Amino acid sequence: MNDQRLLMQMLEESGALRRGHFLLSSGLHSEAYVQCALLLEDPVRARKVGGDLAELLRQFHPDSVLSPALGGIIIGHEVAAGLGVPFRFTERKGEEMGLRRGFSLRQGERVVIIEDVVTTGRSTLETAALATSRGARVVAIGAIIDRTAGRDPFDVPFRSLLKLDLPSHAPADCPACRAGAVPAEKPGSRPEAATARGTEARVERSS
Ligand SMILES: [Zn+2]
């Protein structure tokens, strides 16, 4: 089995690939959604995926890995572990992407930006712009999944483990919306799992 087939199998086994009507963080609507947190829930799987992605980026000789929170944190960390370089993350405060927690980049540092999924590339581009503004040099971008459908938005090399052509639409052009389907769900915002765990925890404490 090739690596792409294996990754597809891992996405399905972990429940990371979901079908429905979703509002992506990019603002687009889609009939499918990939929740990479479920793929990466198993640390052994996360290390395997991160190691594979690290091998695609090694040729760019990065000094460090930088990822936007939260989606990029686990995979970015695993890629950095595979490459043997430091890992840092950016985070949004309000609308603005920032480098906090005492993280810094040195002048000329060769940085790769790592994401879980790239669709429009918005947060990746913001992270890259931030790195550049701090004097670092973005040498490549990597993601587990490329959902750009060939619209590569980057001006540096972009490597991914899997190209998934899951159509996404502007809300006005969304076929599911037009068909009067249930409103688009913002993935990750539904609390069932947390509620179920919370109930379990309460039961344990009271017994
Ligand atoms: Zn829609």
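What you have is a predicted model, where local features need pLDDT of at least 70, side-chain atom pairs count only at pLDDT 80 or more, and totals for chains, interfaces and linings use all residues. Residues are numbered from 1 along each chain as its sequence is written.

Let's start with the big picture. The protein's secondary structure comes to seven helices and nine strands; helices (H or I, at least four residues) and strands (E, at least two) are DSSP runs, numbered from the N terminus. Of its 207 residues, 36% count as buried. A residue is called buried if 20 or more other C-beta atoms lie within 10 Å of its own, exposed if 12 or fewer, and partly exposed in between, with C-beta atoms placed from the backbone. Among contacts with a separation of 6 or more, 64% link residues 24 or more positions apart; a contact means that the two C-beta atoms, placed from the backbone, lie within 7 Å.

Now find helix H4, residues 73-83. Nine of its eleven residues are buried, so the rest of the structure largely encloses this helix. The buried ones include Ile74, Ile75, His77 and Glu78. What do they pack against? The partners are helices H2 (36-39) and H3 (43-57), along with strands E3 (64-68), E4 (87-93), E6 (110-118) and E7 (137-146). Just past the end of H4, Gly84 takes a positive phi of about 70°.

Leaving out residues up to four places away in sequence, Val79 touches Gly50, Leu53, Ala54, Leu57, Val65, Ile114 and Gly142. Val79 also belongs to the largest nonpolar core, which has 43 residues; Val34, Ile75, Val79 and Ile144 touch the most other members. Such a core is a set of buried Ala, Val, Leu, Ile, Met, Phe, Trp, Tyr and Cys residues joined through C-beta atoms within 7 Å. In soluble globular proteins, nonpolar side chains tend to be buried together.

Next comes E3, where five of five residues are buried. Ser64, Leu66 and Pro68 point one way, while Val65 and Ser67 point the other. In a regular strand the side chains alternate between the two faces of the sheet. E3 runs parallel to E6, joined by three bridges, with Leu66 opposite Ile113. E3 also runs parallel to E4, this time with four bridges, and Val65 stands opposite Phe87. For two strands to count as paired, DSSP must find at least two bridges between them. Together, E3, H4 and E4 make a right-handed β-α-β unit: with the strands pointing away from the viewer, the path from the first strand over the helix to the second runs clockwise.

Elsewhere, three strands form an open antiparallel sheet in the order E1-E2-E9. E1 (17-23) and E9 (168-169) stand at the edges with a single partner strand each, so one side of each has no neighbour in the sheet. Five bridges hold the E1 and E2 (residues 29-34) pairing, and Phe22 stands opposite Ser30 in E2.

A cis peptide bond, with omega about -10°, joins Ala69 and Leu70, and Leu70 sits in the loop between E3 and H4. His61, in the loop between H3 and E3, has a positive phi of about 50° although it is not a glycine. Is His61 buried or exposed? His61 is exposed, with 12 other C-beta atoms within 10 Å.
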